[in-house]
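Me: Can you walk me through this one? I have the model open and want the main points, starting with any open space in it.

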Amino acid sequence: FHVSAPSSPRNVKVLSTLATSIQLSWWEPARPNGIIQGYRLYFKHNNLTSVQPVGQNKSAMVETLTRLSK
């Protein structure tokens with residue numbers, strides 16, 4: 001029995017950008033391959049990769065990354 005990852009989130013958009021934040025939106029994957037329990041947003045911060053977990057699970061998501069460098 002083979003378990004595979006979900007397909008990619010759909011309709012990823014940047015809703016707004018400010019000097020130190022960005023607001024993103026996306027739809028759940030077309031093939032979730034089970035129940036999506038949450039998401040992780042990866043981003044570069046001071047030359048390091050950071051991650052922000054998003055624990056909710058709705059069919060359409062909106063999340064804001066804050067405290068970013070200009």
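Predicted model: local features only at pLDDT ≥ 70, side-chain atom pairs only at ≥ 80, totals over all residues.

Me: Which residues lie nearest the centre of the largest pocket?
Reply: Pro9, Gly38, Tyr39, Arg40 and Leu41 do. The lining has 14 residues in total.

Me: Which strand gives the largest share of that lining?
Reply: β3, with 4 residues. Both β2 and β3 supply at least two residues each.

Me: OK, step back. How many helices and strands are in the protein chain?
Reply: There are 0 helices and 5 strands. Along the sequence the pattern reads β-β-β-β-β.

Me: What does the C-alpha trace span, and what share of the residues is buried?
Reply: The trace spans about 45 × 25 × 15 Å along its principal axes. Of the 70 residues, 23% count as buried.

Me: What about contacts between residues 24 or more positions apart?
Reply: They account for 40% of the contacts with a separation of 6 or more.

Me: Now the sheet. What is the strand order in the open sheet of 3 strands?
Reply: The order is β1-β2-β5, with antiparallel pairing. β1 (10-18) and β5 stand at the edges with a single partner strand each, so one side of each has no neighbour in the sheet. The twist averages 15° from one strand to the next.

Me: How many bridges join β1 and β2?
Reply: They pair over 6 bridges, in the antiparallel sense. Lys13 stands opposite Ser25 in β2.

Me: And β2 with β5, how many bridges there?
Reply: Also antiparallel, over 6 bridges. Ile22 has Leu65 in β5 as its bridge partner.

Me: Which side chains of β5 point to which face?
Reply: Met61, Glu63 and Leu65 point to one face and are buried.

Me: Where do β3 and β4 come in?
Reply: β3 pairs with β4 (residues 48-54) in the antiparallel sense, over 7 bridges. The two strands form a hairpin with 2 residues between them. Asn46 sits in that turn, with a positive phi of about 55°.

Me: Which residues make up the largest nonpolar core?
Reply: There are 10: Leu24, Trp26, Ile36, Tyr39, Leu41, Phe43, Val54, Met61, Leu65 and Leu68. β2, β3 and β5 are the elements that give two or more residues to this core. β3 gives the most, with 3 residues.

Me: What is Leu41 in contact with, leaving aside neighbours within four places in sequence?
Reply: Leu24, Trp26, Ser50, Val51, Gln52, Val54, Glu63 and Leu65. Leu41 and Leu65 are 24 residues apart in sequence, and their C-alpha atoms are 8.6 Å apart in space.

Me: Where does Asn33 lie?
Reply: In the loop between β2 (21-27) and β3 (39-45). At 46% relative accessibility, Asn33 counts as partly exposed.

Me: And Arg67, what phi does that one have?
Reply: A positive phi of about 60°, and Arg67 is not a glycine either. Arg67 is in the segment after β5 (60-65).

Me: Is Arg67 buried or exposed?
Reply: Exposed. Its relative accessible area is 73%, and the cut-off for exposed is over 50%.

How values were computed. Residues numbered from 1 in each chain as written. Heavy atoms only, no water. Buried < 20%, exposed > 50% of the residue type's maximum accessible area, 1.4 Å probe, protein only. Pairing = 2+ DSSP bridges. Axes fitted to C-alpha atoms, helices over the stretch in contact; angles between N-to-C directions. Core = buried A, V, L, I, M, F, W, Y, C linked by side-chain atoms within 4.5 Å. 1 Å grid on protein atoms, 1.4 Å probe; cavity = no way out; pocket = protein on both sides within 12 Å on 5 of 7 lines; lining within 4 Å. Contact = heavy atoms within 4.5 Å.
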